[in-house]
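Thanks for making the time. I will go through one structure this morning, starting with a term I need and then moving from a ring pair out to the elements around it.

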Amino acid sequence: AVVSTQSTGVRELEKKLSGKHVIFLSKRRILSKPTRHSRNLSKQKRPRSRTLTAVHASILDDLVYPAEIAGQRKRVKLDGSQQIKVHLEKSSQINTETKLDTFMSVYKKLTGKDVVFEYVD
């Protein structure tokens with residue numbers, strides 16, 4: 001239900017806000033990795049959806065919503081810095097091409113990771 005109304009909601013809000021970019025993101029929770037000395041009060045295993053990697057991946061999916069992610073590559077440079085290359089579907093290039101800089105800055109602000117978006121066939 002949220003996905004079907006998201007695209008129309010984004011379109012209407014962008015019209016109303018005179019061309020500013022609008023993004024909907026879900027609230028996600030990251031649980032710390034259990035260690036020997038951590039006190040797990042509930043004695044339950046941490047779900048995969050609460051891991052750092054899963055939360056960052058789902059933020060990326062939400063961020064580029066009208067587009068589908070075709071693939072990802074992580075590039076590690078010689079100085080140790082990492083950059084994520086995200087390949088988006090070519091079919092959604094018309095809708096999302098102007099928003100790529102916004103996607104990059106929002107993802108960097110939320111996760112602290114550098115990301116570059118490219119379109120693939």
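When I say buried, I mean a residue with under 20% relative accessible area. What you see is a predicted model, and the values I quote are computed from it.

Take Phe-103 to begin with. Its relative accessible area is 3%, so it counts as buried. Phe-117 comes out at 9%, so Phe-117 is buried as well.

These two residues belong together. A search of the whole structure turns up one aromatic pair, and Phe-103 and Phe-117 form it. Their ring centres are 6.0 Å apart and the planes make an angle of 70°. Stacked or edge-to-face? Edge-to-face, because planes over 60 degrees apart are put in that class. The pair links distant parts of the chain: Phe-103 sits in helix H4, residues 100-111, while Phe-117 sits in strand E3, residues 114-120, and the two are 14 residues apart.

Now the sheet. It is open, with three strands in the order E1-E2-E3 and mixed pairing. Which strands are at the edges? They are E1, residues 69-76, and E3, each pairing on one side only. On average, neighbouring strands are turned by 20° against each other, ignoring direction. E1 pairs with E2, residues 82-89, in the antiparallel sense, over seven bridges. If you want a place to look, Arg-75 stands opposite Gln-83 in E2.

Helix H4 lies across E2 and E3, and runs at about 145° to E3.

Next, the inside. The largest nonpolar core has 15 residues. Which element gives the largest share? That is H2, with four residues.

So a word on H2, which covers residues 52-63. At 1.5 Å a residue, its 12 residues should span 16 Å, and the end C-alpha atoms are 16 Å apart, which agrees. The buried residues of H2 are Val-55, His-56, Ser-58, Ile-59, Leu-60, Asp-62 and Leu-63.

Last, Tyr-107. Leaving aside residues up to four places away in sequence, Tyr-107 touches His-56, Ile-59, Leu-60 and Leu-63, and its other contacts include Ile-84, Gly-112, Lys-113 and Val-115.

Conventions:
Residues are numbered from 1 along each chain as its sequence is written. This is a predicted model: local features need pLDDT of at least 70, side-chain atom pairs count only at pLDDT 80 or more; totals for chains, interfaces and linings use all residues. Side-chain values use heavy atoms; hydrogens and water are left out. Rings of Phe, Tyr and Trp (its six-membered ring) pair if their centres lie within 6.5 Å; planes under 30 degrees apart count as stacked, over 60 as edge-to-face and the rest as tilted. Buried means under 20% relative accessible area, exposed over 50%, partly exposed in between (1.4 Å probe, protein chains only). Two strands pair if DSSP finds at least two bridges between them. Axes are lines fitted to C-alpha atoms, for helices over the stretch in contact, and angles run from 0 to 180 degrees between N-to-C directions. Contact means heavy atoms within 4.5 Å. The expected span of a helix is 1.5 Å times one less than its number of residues. A nonpolar core is a set of buried Ala, Val, Leu, Ile, Met, Phe, Trp, Tyr and Cys residues joined through side-chain atoms within 4.5 Å.
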